[in-house]
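Subject: Structure for you to look at

Hello,

I am handing over the structure we talked about. Please find it below, with my notes after it.

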Amino acid sequence: MAELRLVGIKKVYDKDVVSVKDFNLEIRDKEFLVLVGPSGCGKSTTLRMIAGLEEITEGDLYIGDKRVNDVAPKDRDIAMVFQNYALYPHMDVYNNMAFGLKLRKFKKDEIKKRVDNAAKILGLEELLDRKPKALSGGQRQRVALGRAIVRDAEVFLMDEPLSNLDAKLRVQMRAEIQKLHARLQTTTVYVTHDQTEAMTMATRLVVMKDGIIQQVGEPKEVYDFPNNIFVGGFIGSPAMNFLNGKIEGNHFVMGDVKVEIPEGKLKTLRDQGYVGKDIVLGIRPEDIHDEPLYLKSSPETKFSAHIEVAELMGSEIVLYSKVDDQDFVARVDARFNATAGQTIDFAFNLSKAHFFDKETEERIK
Amino acid sequence: MGNKRNKILLVILASLIAVLFLIPLLWMISTSFKNDYEAIAGGLNWFPKNFTWDNYTYTLLSQAIDVPIFKWMFNSIFVGIAGTLIIVAIDAMAAYGLARLDVPFKKVLFPLFISTLMIPFVITFLPLYMQFSNLGLLNTYAALIFPYTANAFGVFLLYQFFRGFPKELEEAARLDGANKWDIFIRIVIPSARPVLWTLAIFSFMQIYNDFLWPLVATNTPEMRTITTGIAIMQQGSFVSSYGKLMALTTIATIPILIIFLIGQKQLIKGITQTGIK
Ligand SMILES: Nc1ncnc2c1ncn2[C@@H]1O[C@H](COP(=O)(O)OP(=O)(O)OP(=O)(O)O)[C@@H](O)[C@H]1O
Ligand SMILES: [Mg+2]
């Protein structure tokens with residue numbers, strides 16, 4: 001059993017660089033939690049505080065029921081996988097995995113059993129007597145994982161473990177790590193700045209910015225209901241469109257273009273006094289349609305726009321266009337043959353869209 | 001095209017420099033196989049006219065030589081190895097501490113260490129002599145070993161290496177359960193092997209080749225090192241016998257050669273790793 005609790009955690013590096021603050025989070029047993037956010041937002045710092053590699057300036061860290069702020073890294077029963085693998089260069093694969101067990105005075109045959117088992121899970125059996133230098137990136141990453149597995153630790157920490165791999169291998173290793181987690185069920189905290197990785201791997205994800213948690217939730221929840229403009233823009237690719245406009249009557253107005261707001265959303269906006277005010281509409285590219293059938297059924301959100309660029313992605317086309325001189329991106333079905341230079345009709349699916357306060361950038365709920 | 005020509009030019013240049021360095025060495029070897037007459041007569045004959053092993057057999061085996069050549073060799077090698085081991089051990093710990101651990105005042109200590117590199121030996125020479133004399137340690141192995149072991153060069157060399165040593169490796173080891181000493185001995189030192197070899201070879205050569213200090217620090221024939229011994233021979237038994245002197249000198253270079261051959265691969269690795277040239 002390994003839940004982690006971070007209570008009011010704050011990290012200040014020397015010369016008052018505040019890199020994490022007000023960090024409150026419960027990490028559940030067996031969970032695959034992903035910390036995601038742009039570079040420098042404090043993901044590694046958070047992970048390193050959990051590992052004990054970085055001192056916690058303020059707040060409490062619990063593993064299970066035990067406060068571990070002052071517990072040495074080696075006594076926290078945590079294994080970590082580093083971005084650049086951190087394999088011991090002078091040891092072969094077997095000894096890289098066995099090192100931690102040797103230091104913990106395990107019996108020789110127990111060590112062998114565990115290393116062989118990890119090697120089997122990771123497909124490293126043939127490579128046990130190789131030095132790290134003689135391994136490919138993917139193999140090195142597997143050894144790094146193996147080193148964590150043999151320890152049978154309560155918690156795995158991974159800091160961007162895939163970012164040194166090429167795109168194809170990354171996708172493959174992503175699946176392998178997920179399989180591994182399904183098999184071992186070890187509580188894992190995984191750091192990445194890649195939102196695709198976060199979306200596909202996480203049981204829950206934590207979106208961070210400037211050392212502050214923006215949102216915690218299951219990937220779908222975060223995707224569908226982003227707390228604020230930052231989260232909406234960060235999660236999802238192509239990114240969510242943000243369009244400035246005004247609420248007039250029951251319409252959202254961008255210059256000459258008017259789209260009708262569905263009843264439920266309109267009520268919320270009215271209740272909170274946004275009528276007549278500047279407001280930001282957030283809509284995902286896939287919620288902007290150009291299929292004739294949709295256009296016909298939703299005349300109230302229809303408008304026409306000029307396509308500036310069209311990128312064919314296979315079954316879909318990503319269209320870059322403008323409404324009221326504001327850029328937007330639409331991801332539409334390739335069957336309808338939209339091409340650059342055309343002016344065509346679009347319609348918003350506003351039931352899936354969100355409105356954000358222009359000042360606070362929070363989603364209006 | 002031009003690239004290939006540059007390469008050829010480079011090889012020629014390198015060979016020329018190599019030859020330049022080798023000339024005295026080759027001359028030494030050549031002379032050691034000449035008889036006394038030919039050795040003194042001079043002339044640029046690279047290949048001895050009357051090739052002879054006599055100089056070697058005489059130097060090594062003759063009863064007529066009453067000086068302890070083998071003891072000198074032993075002294076030099078013993079002092080060289082002992083000094084080298086101490087240097088490597090102390091410097092590795094000092095450099096690691098300064099580069100990676102929370103040593104108090106290290107920001108001041110390190111430059112202080114390094115600044116000692118700028119003090120020429122001739123300045124410390126006399127105080128050093130008086131110190132050992134006061135301690136009654138002249139003419140002992142202690143006098144031949146310890147003055148070399150207080151040298152910041154190794155600290156400087158290793159400091160650079162340890163600074164560049166990946167922090168993640170130490171952190172991974174910490175999570176694996178290693179304490180500071182485990183990390184140093186089982187992770188850092190094995191990775192530093194090429195640099196340590198470099199330092200070891202430099203140190204051994206420095207001690208083995210040194211002349212001035214052993215000359216003043218010792219005063220009985222038994223405590224001489226090979227370099228000081230050769231000097232004695234030059235003025236003693238082997239005066240004007242260049243063939244024999246060169247035979248002795250050739251023998252004296254053999255340990256260095258062996259050490260160099262053993263450590264060559266590591267040495268080159270070490271030099272490229274630390275960026276010293
Ligand atoms: N040792 C340190 N000393 C001072 N400031 C630091 C130190 N380590 C990190 N920081 C600062 O703390 C902030 C968070 O850094 P952190 O490494 O946690 O970011 P990150 O989210 O992991 O980013 P990345 O995706 O680039 O790895 C940054 O502003 C960084 O400059
Ligand atoms: Mg990071």
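To begin with the ligand: an oxygen atom of ligand 1 is 3.2 Å from an N or O atom in the side chain of A:Glu160. Please keep in mind throughout that this is a predicted model.

Two further side chains of chain A make polar contacts with ligand 1. A polar side-chain atom of A:Ser39 is placed 2.5 Å from a ligand oxygen atom, and for A:Thr45 the distance from a polar side-chain atom to an oxygen atom of ligand 1 is 2.5 Å. On its own, ligand 1 exposes 640 Å², and 62% of that is buried by the protein.

The residues around ligand 1 include the run A:Ser39, A:Gly40, A:Cys41, A:Gly42, A:Lys43, A:Ser44 and A:Thr45. The shell also takes in A:Tyr13, A:Ser19 and A:Glu160. Helix H1 of chain A, residues 43–51, contributes three residues, the largest share of this shell. Sorted by class, the shell holds six polar, two nonpolar and two charged residues.

Next, the interface between the two chains. The size of an interface is often given as the accessible area lost when the parts come together. For chain B and chain A the buried area is about 1,800 Å², and carbon and sulfur atoms account for 62% of it. On the chain B side, the residues that lose the most area to chain A are B:Leu175, B:Asp176 and B:Arg186, which together make up 39% of what that side buries. The contact involves 23 residues of chain A and 16 residues of chain B.

Two salt bridges are found across the interface of chain B and chain A. One of them pairs the side chains of B:Glu171 and A:Arg48, with an N to O distance of 2.7 Å. Polar contacts between chain B and chain A come to eight residue pairs, counting those with both residues at pLDDT 80 or more.

Which helices of chain B each supply at least two residues of the side that touches chain A? They are helix H9 (167–175) and helix H10 (180–191). H9(B) gives the most to that side, with eight residues. By class, the side of chain B that touches chain A has seven nonpolar, seven charged and two polar residues.

As for chain B as a whole, its secondary structure consists of 14 helices and zero strands. The C-alpha trace of chain B spans about 70 × 70 × 35 Å along its principal axes.

Two points of backbone geometry in chain A may be worth a look when you go through the model. The peptide bond joining A:Ser237 and A:Pro238 is cis, with omega at about -5°. A:Pro238 sits in the loop between helix H8 (229–234) and strand E11 (241–248) of chain A. The other point is A:Asp77, which is not a glycine but has a positive phi of about 55°. A:Asp77 belongs to the loop that links strand E5 (66–67) and strand E6 (78–81) of chain A.

Regards

Terms used:
Residues numbered from 1 in each chain as written. Chains lettered and ligands numbered in written order. Heavy atoms only, no water. Near = heavy atom within 4 Å. Polar contact = N/O pair within 3.5 Å; in protein donor to acceptor, adjacent residues only side chain to side chain. Areas by Shrake-Rupley, 256 points an atom, 1.4 Å probe, with all protein chains shown as cover. Helix = DSSP H or I, 4+ residues; strand = E, 2+ residues; numbered from the N terminus. Nonpolar A, V, L, I, M, F, W, Y, C, P; charged D, E, K, R; others polar. Contact = heavy atoms within 4.5 Å. Buried area = accessible area lost by both parts, 1.4 Å probe. Salt bridge = Lys/Arg side-chain N within 4 Å of Asp/Glu carboxyl O.
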